[in-house]
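Welcome! Please have a look at the structure below, and then let us walk through a few parts of it together.

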Amino acid sequence: MRLLVLGGTEFAGRAVVEAALGRGWDVTVFNRGRHTSAPGTRSLTGDRGAPGGLDALAEGEWDAVVDTWSAAPRAVHDAARLLRGRARRYVYVSSCSVYAWAPPAGYAEDAPVVEGAEPDAGQSDYARDKRGGELAVVDAFGAEASVLVRAGLILGPYENVGRLPWWLTRIADGGPVLAPGPRDLPLQYVDVRDLAEWILGAVEQELSGPYNLMSPQGHATMGELLEACVRATCSDAELRWTAPEIILDAGIEPWTELPVWVPPGTDMHDALHAADVSRAVAAGLVCRPVEETVADTWAWLTSIGGTAPQRPDRTRKGLDPEVEAKVLAAGSG
């Protein structure tokens, strides 16, 4: 297979590149050249947001394109139109954020999507940008040659968003840790490497259309995730399981200040941790154990000095130590 990855040096794109190389595919990456491409790839340089930025893609043919763009949809539209007729399939890594808020528990790919998105739009908000990217791909390649990967929470090595790296770093520091309950809270996420393998399988199977791409609900729980962090870091951390109402009453923001976690019984939990993923599973999605995702992420994090890269267009995650200490003290008083 000849694969073109637009990006290909960070998180999801990098995982796709490494998985494709592992299968012996011929891989070309196109990016701004700010990060080193994986050995064994052919590198093309350009800035898709600048005039003439796609010139390096003027020639060449591929079996598939994988695009992870998450800003202005017009950049996806420009690339897809340029590559139309020279690539057989276009895989766009979208997001479950494209669904109109708030999708009910068990929502499938036919749930209503956000309104106001356009394939040639400039950057607006994340949900409309991703939906606009989907429209751009379908407009250029047609529904039968487009794969829309509506990913949920993505974890694993190379994470540059700050969720699992924050938990690992915090737990490695040891001591009492504010653990948001309930301990058996079901989570939905996908290891970035499982995401990558599914994408390549979708290319091989010539799939098309939208797919919710994350683990089945309850693949892991909040307790299993954080306890895996304790084991991976060999920490003396003590997880102090704390009721959701105590956390919310303290003004702590779910998802951002306590990454991954959102309180049960809320629209937010249903939207982020309760999607119907049966279509992706039927098409070959296999999810590795949470223990492996956590251990491998910690191994990667320590190999780069303990500080994860941070995307500039994403907010920093994590809880202020003083806030954590105050809530823990109140709970033990």
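Helices α1 and α5 cross in a right-handed way in this predicted model. Two packed helices are described by the angle between their axes and the distance between the axes. Here, helix α1 covers residues 11-22 and helix α5 covers residues 192-205; their axes come within 8 Å and cross at roughly 55°. That angle makes α1 oblique to α5.

Which residues bring the two helices together? From α1 come Phe11, Ala12, Ala15, Val16, Ala19 and Ala20, and they meet Val192, Leu195, Ala196, Glu197, Ile199 and Leu200 of α5. Sorted by type, the residues of this contact are eleven nonpolar, one charged and no polar. As a bit of background, an α-helix has 3.6 residues a turn, so residues three or four places apart point the same way.

Now move along to helix α4, which spans residues 164-172. This helix is mostly covered, with seven of its nine residues buried. You can find the buried ones at Leu164, Pro165, Trp166, Trp167, Leu168, Arg170 and Ile171.

Our last stop is Trp255, which sits in strand β14, residues 254-255. Is Trp255 buried or exposed? Its relative accessible area is 14%, under the 20% cut-off, so Trp255 counts as buried. Setting aside neighbours within four places in sequence, Trp255 is in contact with Leu153, Arg163, Val260, Trp261, Val262, Met268, Leu272, His273 and Lys317. As for Tyr107, it lies 148 residues from Trp255 in sequence and 20 Å away in space, C-alpha to C-alpha.

Technical notes. Residues are numbered from 1 along each chain as its sequence is written. This is a predicted model: local features need pLDDT of at least 70, side-chain atom pairs count only at pLDDT 80 or more; totals for chains, interfaces and linings use all residues. Side-chain values use heavy atoms; hydrogens and water are left out. Axes are lines fitted to C-alpha atoms, for helices over the stretch in contact, and angles run from 0 to 180 degrees between N-to-C directions. Helices (H or I, at least four residues) and strands (E, at least two) are DSSP runs, numbered from the N terminus. Angles under 35 degrees count as roughly parallel, over 145 as roughly antiparallel, 65 to 115 as roughly perpendicular and the rest as oblique. A crossing is left-handed if the near helix is turned anticlockwise from the far one by less than a right angle, and right-handed if clockwise. Contact means heavy atoms within 4.5 Å. Ala, Val, Leu, Ile, Met, Phe, Trp, Tyr, Cys and Pro count as nonpolar, Asp, Glu, Lys and Arg as charged, and the others, Gly among them, as polar. Buried means under 20% relative accessible area, exposed over 50%, partly exposed in between (1.4 Å probe, protein chains only).
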